[in-house]
Amino acid sequence: MKQKTAYEKLLTTRELEVLRMMVDGLSNPQIAAQLVIEVGTVRWYTKQIYSKLGVHSRTQAILYAQKLAIFEENTPAAGIEPPTAQAIHTLPEYATSFVGRDEEMRVIVEAIHDPNIRLITLAGAGGVGKTRLSIELARYVVDDFPDGVFFVPLASAQSDWDIVSAIVNQMNVRLTTFEQLITYIQQQRALLVLDNFEHLANSVGIINDLIEQTRHLQLIVTSRSSLNLQKEWVRYLESIAVPESPNVDRPEDFAAVDLFVKRAHLVQGSFSLEENRASVIRLSQLLGGLPLAIELAATWLKTLSCDEIITEIEHDLDFLSTQHADVADRHSSLRAVFNHSWQMLSVREQRIVSKLAVFRGGFGRKVAQQVTGATLRELANLVDKSILHRDGDGLLFMHELMRQYAEEHLVTYFQQ
């Protein structure tokens, strides 16, 4: 098998694509359009290229590539050849562009490349974008795993064997036991993306065994809570950036606004941010930067204006739903997402969360304990399950839409 050249090891396939387009004179927006990614993501790739090449500007990177004749089809520089091997992966393709999360991408890619980190958990509330981010991360590092990158959906899994079976199916091998799977992948440099693990807490031992009994296997797990394993590296995902004021100079620089506008263009090609500036900012604030809520809201532009969408959301949580046939049931409505999170709470946790719905905005833990009777451990568990979040000042808060949902249950408890 042909060994990778030094240059192929230095830059990933995607970085080589970006560098080639830079050499061809394409601007960052043009590169983004060609690769169907965000301009911010292109900037991130260029920074990676500069760092790896030891240069400090686009011009220096282009001159470096030209000096080494990296992209001259018939006269490659000595020891430098374009990659020829086709990456092995089962990653889903999306018709929509990936928006935001540049900082998360940078930090998590560094973690993937850290030899001491083999288990990464992306934890966060339903609808925050864990699945999409895991796929984009896996796509970015696919060249680093010669034995393959495999996306394993676990939404319907109920047992240890369901998990093993799902992995085996994605790897397209005939194995009938977990021991056979371990033997098969023991020496492989592969990446498994295990999606939607939150309802499989009793099967966390499988994750531990996959790490303990293999040498190079790496895992990315998405879940609404951490796995509580010693070898786990956890990144808690929060909502994407929202303008704090309606008077910001460039609202399109905020990921929540950018996401809504891009999805709006799919529904209404003539949609103008300039003409809907105040409404889009208000909408992104109302939805708290929750990506799924933003996408669901944008689908209503077929029949309603932005102001009408805002009015409907303020009056009815059930409004945020979609009839798209290619959307999974668990993401077809915001209520479906919240129902799933609610069912994973104990009865006592449900009562605590319902009582916390009286707080609009941030609140201190001592006040929360006085109002609900919760212990510090119980509040910590709700943070771990992505029901509560902590801000930079140490205050706890609940996403406004989740608060509305919990408030409905509070009324039910009072009526009992």
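**View 1. Confidence along the predicted chain.** The chain has a mean pLDDT of 82, with 89% of its residues reaching 70 or more. Residues 1–6 have pLDDT below 50, and this stretch has nine contacts in the model beyond near neighbours in sequence. The pLDDT is likewise below 50 over residues 73–85, a stretch with 20 such contacts.

**View 2. Arg 118, a buried residue without a salt bridge.** Arg 118 belongs to the loop between α6 (102–112) and β1 (119–124). Glu 212, the nearest side chain of opposite charge, is 7.3 Å away. The Arg 118 side chain instead reaches the backbone oxygen of Ile 211 at 3.0 Å. Beyond neighbours within four places in sequence, the contacts of Arg 118 include Leu 210, Thr 214 and His 216.

View 3. Glu 17 counts as partly exposed because its relative accessibility is 32%.

**View 4. The salt bridge between Arg 263 and Glu 295.** The closest N and O atoms of this pair are 3.4 Å apart. Arg 263 lies in α11 (residues 255–267) and Glu 295 in α13 (residues 291–299), so the pair ties together parts 32 residues apart in sequence. Arg 263 is buried at 6% relative accessibility, whereas Glu 295, at 30%, is partly exposed.

Technical notes
Residues are numbered from 1 along each chain as its sequence is written. This is a predicted model: local features need pLDDT of at least 70, side-chain atom pairs count only at pLDDT 80 or more; totals for chains, interfaces and linings use all residues. Side-chain values use heavy atoms; hydrogens and water are left out. Helices (H or I, at least four residues) and strands (E, at least two) are DSSP runs, numbered from the N terminus. Buried means under 20% relative accessible area, exposed over 50%, partly exposed in between (1.4 Å probe, protein chains only). Lys and Arg count as positive and Asp and Glu as negative; His and the chain ends are not counted. A salt bridge is a side-chain nitrogen of Lys or Arg within 4 Å of a carboxyl oxygen of Asp or Glu. A polar contact is a pair of N or O atoms within 3.5 Å; within protein, one must be able to donate a hydrogen and the other to accept it, and residues adjacent in sequence count only if both atoms are side-chain atoms. Contact means heavy atoms within 4.5 Å. pLDDT is the predictor's confidence in each residue, from 0 to 100.
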